[in-house]
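Dear colleague,

Please find below the structure that I am handing over to you. My findings follow it, and I would be grateful if you read them with the structure open.

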Amino acid sequence: MREIVAVLDFGSQYAQLIARRIRELGVYCEILRHDTSKDELAALAPKALIFSGGPASVLDEDHPVPDPRVFDMGIPILGICYGMQLTAIMLKGKVIGGRSGEYGHAIMKVTKPSNIFSDMDKELDVWMSHGDRVQELPAGFETIAKSSGCEIAAMADPSRQIYGVQFHPEVVHTPKGKQIIRNFLYKVAGCKGGWTMAGFIGESIKRIRNTVGKERVICALSGGVDSAVTAALTSRAIGDNMVAIFVDNGLMRAGEAEEILDIFTREYPLNIHMVNASKEFLDALRGVIDPEKKRKSIGKTFIDVFNREAERVGGARFLAQGTLYPDVIESRSPRGGPSATIKSHHNVGGLPKDMKFTLLEPLKELFKDEVRRLGKELGLPDRLLKRQPFPGPGLAVRILGEVTEAGLKVLREADLRVQEEMQNYEHIDEVWQAFAVLLPVKSVGVMGDERTYSNVVAIRAVTSLDGMTADWVRIPYHILERISSRIINEVRGVNRVVYDISTKPPSTIEWE
Ligand code: XMP
């Protein structure tokens with residue numbers, strides 16, 4: 001049985017970060033609902049439990065609690081922030097509401113030696129974010145650290161191996177936080193470690209082979225990282241019995257479809273079935289102006305084409321999909337259901353649930369950065385793994401108004417200049433996306449002695465951690481200048497370039 005640590009999620013924005021830190025330390029970790037029962041936990045046999053922080057207060061009625069029997073499981077527990085207060089109150093200590101609270105940097109002093117602070121300085125920089133605090137310890141506990149705003153900044157019951165820290169060891173603002181988590185895993189919980197990408201590949205290959213046997217698997221390749229890694233891993237497991245279907249919708253950037261085909265036929269050969277459906281997509285988009293209708297039309301066309309091609313490939317029982325761990329936990333988080341539809345997202349993961357295939361989701365335990373590492377380990381090229389995110393509906397949502405062949409040509413040309421010139425930006429690795437948008441607006445210009453009346457192109461470049469929020473990039477003027485002059489001089493049909501300086505929210509990254 002593989003070694004596992006479970007994080008009970010009380011709604012913390014940092015729950016995923018805790019899990020990632022644990023995995024970085026070589027221990028496999030899963031995030032579970034805060035109220036997962038003792039019996040379900042016992043079936044998983046975790047080496048330790050971590051209670052995450054959370055936005056609630058233990059002083060409120062109806063605050064989220066774990067199954068109280070988890071304290072009797074005899075496995076080490078670490079409560080973080082709300083998780084510490086919860087531990088205190090459930091074991092009959094006392095928590096009070098802080099009038100002022102403690103937010104941001106704090107200095108913590110270790111007041112008593114403890115396993116979780118082993119091999120560390122007596123004074124540590126930590127990140128605090130709490131209103132409530134523990135005032136009286138439960139029986140069997142002792143104070144092991146204090147801070148200026150908090151007499152009990154960390155507590156321990158060494159005999160039962162239950163610990164609580166008021167600060168957040170998982171965030172980068174607690175510089176030695178990872179050492180505390182390492183101590184908890186290895187010195188307290190006795191983890192052995194050894195969870196690595198190479199190990200994951202071996203396990204996944206076995207699992208895929210066992211599930212699939214001699215059956216055929218199809219996979220929709222989008223050109224994005226997740227579907228490419230899914231296809232590569234599945235192909236590593238079952239060879240040519242995995243057929244990657246790549247639908248060229250005619251809405252990709254300059255040279256993109258060719259590049260994907262090149263990678264998967266020459267550099268990293270897979271059983272790939274490519275279909276050029278550009279005409280079908282463009283026909284479906286004719287006359288469509290409303291952004292939501294565009295997205296729906298593209299989604300529907302994709303499903304039609306994919307079904308047809310799957311039939312052509314024939315005999316597949318399984319569909320491999322690049323679902324990631326955050327998608328899985330999002331659907332069961334106490335933070336609640338899906339938020340309002342801002343945009344109907346279309347991607348290859350958006351295939352309808354009622355398809356006649358059995359789903360295979362070999363990445364569903366991984367975070368995005370782990371998928372990139374896995375891709376690297378599998379030998380996929382950087383030009384694929386380092387791709388900026390690209391929306392499923394492609395350039396169709398970057399041409400405002402009707403999508404036409406002519407518009408696509410202008411936008412591809414303009415976007416290519418953006419891509420090329422942005423390579424000269426020294427912080428390009430920090431850019432989430434940079435691209436051109438074709439506006440349905442004409443303005444007057446003058447070229448030579450002639451008056452022109454042509455389209456406007458907008459440039460969008462943003463930094464973002466996860467696409468949920470974004471800031472515009474302060475691109476140096478000399479790079480903006482090159483982008484602008486090259487587009488206006490080299491791309492026919494454009495005589496003005498503007499730069500989009502809106503943040504998300506309230507704007508979105510894509511214009512449609
Ligand atoms: P917005 O425009 O909503 O975009 O701020 C956030 C991020 O999501 C990408 N995006 C999509 N990705 N299918 C995708 O796979 C889609 O339909 C889609 N629409 C937007 C967008 O490029 C940005 O990174």
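A salt bridge is counted where a side-chain nitrogen of Lys or Arg lies within 4 Å of a carboxyl oxygen of Asp or Glu. Please note that the model is predicted. By this rule the count comes to 43 salt bridges.

One of them joins Asp119 and Lys187, whose closest N and O atoms are 3.1 Å apart. Asp119 lies in the loop between β6 and β7, whereas Lys187 belongs to helix α4, so the pair ties together parts that are 68 residues apart in sequence. Asp119 is exposed, at 67% relative accessible area, while Lys187 is partly exposed, at 41%.

Helix α4 also meets helix α1: their axes come within 10 Å and cross at roughly 70°. This makes α1 roughly perpendicular to α4. The contact is formed by Arg21, Ile22 and Glu24 of α1 together with Lys178, Ile181 and Leu185 of α4. By class, three of these residues are nonpolar, three are charged and none is polar.

A further salt bridge links Glu259 and Arg383, with 3.1 Å from N to O. Since Glu259 is in helix α7 and Arg383 in helix α12, this pair ties together parts that are 124 residues apart in sequence.

Salt bridges with shared partners join Arg253, Glu256, Glu259, Asp262, Arg266, Glu267, Arg383 and Arg387 into one network.

Yours sincerely

Conventions. Residues numbered from 1 in each chain as written. Predicted model: local features only at pLDDT ≥ 70, side-chain atom pairs only at ≥ 80, totals over all residues. Heavy atoms only, no water. Axes fitted to C-alpha atoms, helices over the stretch in contact; angles between N-to-C directions. Helix = DSSP H or I, 4+ residues; strand = E, 2+ residues; numbered from the N terminus. Parallel < 35°, antiparallel > 145°, perpendicular 65-115°, else oblique. Contact = heavy atoms within 4.5 Å. Nonpolar A, V, L, I, M, F, W, Y, C, P; charged D, E, K, R; others polar. Buried < 20%, exposed > 50% of the residue type's maximum accessible area, 1.4 Å probe, protein only.
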